[in-house]
Amino acid sequence: MLNLHYKEQGQGYPILLIHGLFGSLSNLGILAKHLESLSYRVISIDTLNHGLSPRSQSMSYQHQAEAIKALCDKLDITQCAIVGHSMGGKIGMAAAQLYPDLVNALVVADIAPVAYQHNHTAVFSGLKSFDPKDIKSRSEAEKLLAKHIQEPGVRQFLLKSLTNTEDGWQWLFDVEQLALCYKSIIGWEQFGHYKRPCLFIKGENSDYIVSDYQQTVGQQFPKAELKVIAGTGHWLHAEKPAIFNRLTEQFLAKHI
């Protein structure tokens with residue numbers, strides 16, 4: 001089994017934090033510090049093909065959930081809560097459905113248990129348009145990405161995973177493998193019904209959770225509740241961290 005890279009901080013009840021596509025364990029760092037201050041044991045995770053975690057030819061949600069379970073076994077965690085954003089939310093949902101005795105509570109940030117028609121064509125085009133080893137600065141990379149990706153916020157998010165090493169600049173995620181696994185990443189396969197407490201947090205301006213998905217969410221997660229953060233998009237945890245942290249804190253305090 002592949003060993004996920006993780007960062008652990010704090011002591012208390014274990015909370016796993018799982019980032020989204022093109023991210024890394026630092027993406028939920030503000031929440032991690034907040035939960036640590038509340039006396040939780042916080043485990044921030046690099047997902048497969050991201051950060052310092054292993055590269056894998058499979059990113060099926062069953063495979064990724066199995067990697068989460070293996071990490072919990074390694075850390076002697078028999079029960080935990082999971083907070084996941086976007087793709088990380090889907091990993092959390094899969095883990096909860098497959099291992100309901102392990103996942104005692106679940107927070108899903110701006111994603112639904114459905115197969116999406118979204119595409120990241122422009123993002124992949126930008127990432128593949130240059131070899132990071134050929135650039136001399138982060139600002140040069142930003143200019144090259146801008147030729148394909150219009151949204152400054154998306155470019156800045158991607159650049160958080162651009163790092164300068166002894167061998168030159170490189171992405172912390174595996175661009176080629178993510179492209180090959182993209183169908184699995186935007187897809188979804190139901191693994192059961194999760195009957196424990198679950199909170200879905202939606203960004204008001206995001207189209208990742210729409211009313212058409214409510215029935216599907218209710219069928220798979222009958223104890224789900226929904227909160228909406230006004231004036232935010234898909235990266236709600238970064239746009240309004242205080243509100244996102246408070247909603248997460250209140251839910252966890254109530255259910256674990």
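Modeller: A residue is called buried when its relative accessible area is under 20%, exposed when it is over 50%, and partly exposed in between, using a 1.4 Å probe and protein chains only. The model is predicted, so local features need a pLDDT of at least 70 and side-chain atom pairs count only at pLDDT 80 or more, while totals for chains, interfaces and linings use all residues. Residues are numbered from 1 along each chain as its sequence is written, and side-chain values use heavy atoms, with hydrogens and water left out.

I begin with the charged groups. Side chains of opposite charge can pair when their charged atoms come close. A salt bridge requires a side-chain nitrogen of Lys or Arg within 4 Å of a carboxyl oxygen of Asp or Glu, and by this rule the count is four. Helices (H or I, at least four residues) and strands (E, at least two) are DSSP runs numbered from the N terminus.

One of the bridges joins D101 to R196, with 3.8 Å from N to O. These partners link distant parts of the chain, 95 residues apart: D101 is in the loop between helix 3 (87–98) and strand 5 (103–109), and R196 in the loop between helix 8 (182–186) and strand 8. D101 is exposed at 59% relative accessibility, whereas R196, at 27%, is partly exposed.

E142 and R155 form another bridge, their closest N and O atoms lying 2.5 Å apart. This pair also links distant parts of the chain, E142 in helix 5 and R155 in helix 6 (residues 152–159), 13 residues apart. Both ends are shielded: E142 is buried at 18%, and R155 is buried at 10%.

K69 bridges to D73 at 3.0 Å between the closest N and O atoms. The two are four residues apart in helix 2 (residues 61–74), which means that about one helical turn separates them. K69 is partly exposed at 24%, as is D73 at 43%. The charged end of K69 also sits over the ring of Y99, 5.8 Å from its centre; this label requires NZ of Lys or CZ of Arg within 6 Å of the ring centre and within 35 degrees of the ring normal.

I turn to the aromatic rings. Rings of Phe, Tyr and Trp (its six-membered ring) pair if their centres lie within 6.5 Å, and planes under 30 degrees apart count as stacked, over 60 as edge-to-face and the rest as tilted. The whole structure holds 12 such pairs. In one of them, the rings of F130 and W171 have centres 6.4 Å apart and planes at 55°, so the pair is tilted. F130 lies in the loop between helix 4 (121–128) and helix 5 (138–146), and W171 in strand 7 (residues 168–171), so that distant parts of the chain are linked across 41 residues. F130 and W171 are both buried. F200 and F221 make an edge-to-face pair, 5.8 Å centre to centre with 70° between the planes. Both F200 and F221 are buried.

Ring pairs also link F130 and W171 into a cluster with F22, F124, F173 and Y182. With contact taken as heavy atoms within 4.5 Å, and leaving out residues up to four places away in sequence, W171 touches residues including L127, F130, P132 and L158.
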